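Read it alongside the model.

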Amino acid sequence: MVSYFLVGQTVLVRKMGAYPVSPDDGTTVVEVTLRNKFHTTPFNDTLPDTGDSFFYALFTYSEAGMVNTNAANHFAANAFTWSTVADVVRSGDAPLYFDIGDVFTLPHATLGTIHWQVAAFDNAVLLDASKTHSMTLLSVSTLTTMPLDAAEKAYATTADTTFQEGKKYYTYNGMGYDEAETLPGGAIPSATYYEANEPYYINSGRGHWGQSALRQYLNSSAGVGGWWNAQHIFDLPPAQASTIQGFMAGINDSEFLAAVAETVVPYAGDSITCKGLMYQATDRFFIPSRMEIFGPVWAPYDGILWPLYDCANDDDRIKYQSGTATAAQWFLRSAFPGSGAVQFVMGTGVMQATGPSVVLAVAPACVIG
């Protein structure tokens, strides 16, 4: 049997010295029967000038008269923090108090103020399966520019210890590389045999979110020169690895970082070595997919359309570089079907594809849960 809770009224109660435990335990500050009444103009409560500490609780009534007394809806005066937001989300009550499109702000040491917009409720898969509720946030503006991944080496020392059946190996003659004659199963002398990379990767980088430099940047708190590590034998760092610190290094709000959940992020791999298959990464920060912004345009479907973009038009998908009036071209994490390219959103809000090593704008996302 499924039970439905139809919201009829929300009451904000204030109490001196402790949290109200019921709608009658304190002073009723405001009663709301109209959803989104304070969406545009927030409600401000004037505290008595007594020097005492005051605490609040929100009580939601159903149309049948039942009341929700969840402690996640408690907060102190001047203390509605990211911890409070996380408690509300984890209780499952976030849609009662926040709306799709609502905006939260977060200071960042090098990128200025980040404006996080609510993109979805309860559509993310969290690594911690015990957490069943979530709220997805997407940056309103693009925050920086960099490639998804750098152009790669043409040849690299093999990591194999024995020669593999059907695989080509090369030796270096002082001027170039020659294909070697090998015996499958034979031992490979250390650092003397090489593998050849795919031509597209050499010129344009690899459209594989799970191995990308951008993913490393977003999920690192390391300083300049410390956030990039090679993900495979052909990998090379982007220029930004030696000029900027990891994205998380600029976030000093520990409550926000504690609120951001490790999220299972699906993504479509490229069609060169990944064969267009679906993959998963586990991230705290990521960039959106084709499916999350545009819906089911092409398979594979990496994610679920975010309600923020349900029924959206091209203008709704336009993002501007933070602090400017210039429309940005911003990356998506999805590979373009049938190629090595990755998809991005043009300054007109239209979807297009390009090489992963092209420098485009970045609009990060995360999940509170």
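Asp283 is buried, at 2% relative accessibility; buried means under 20% relative accessible area, exposed over 50%, and partly exposed in between (1.4 Å probe, protein chains only). Its side chain meets that of Arg215 in a salt bridge, 2.5 Å from N to O. Asp283 lies in strand E16 (residues 278-283) and Arg215 in helix H4 (residues 213-218), so the pair ties together parts 68 residues apart in sequence. Helices (H or I, at least four residues) and strands (E, at least two) are DSSP runs, numbered from the N terminus.

This is a predicted model: local features need pLDDT of at least 70, side-chain atom pairs count only at pLDDT 80 or more, and totals for chains, interfaces and linings use all residues. Residues are numbered from 1 along each chain as its sequence is written, and side-chain values use heavy atoms, leaving out hydrogens and water.

A salt bridge is a side-chain nitrogen of Lys or Arg within 4 Å of a carboxyl oxygen of Asp or Glu. The count by this rule is seven. Three of them are listed here.

| Salt bridge | N to O distance |
|---|---|
| Asp283 and Arg215 | 2.5 Å |
| Asp160 and Lys167 | 2.8 Å |
| Lys15 and Asp25 | 2.9 Å |

Lys167 is partly exposed, at 32%. A salt-bridge network links Asp160, Lys167 and Glu195. Lys15 is also partly exposed, at 23% relative accessibility.

Leu138 sits in strand E9 (residues 135-139). Leu138 is buried, at 1% relative accessibility. Beyond its neighbours within four places in sequence, its contacts (heavy atoms within 4.5 Å) include His115, Trp116 and Pro288.
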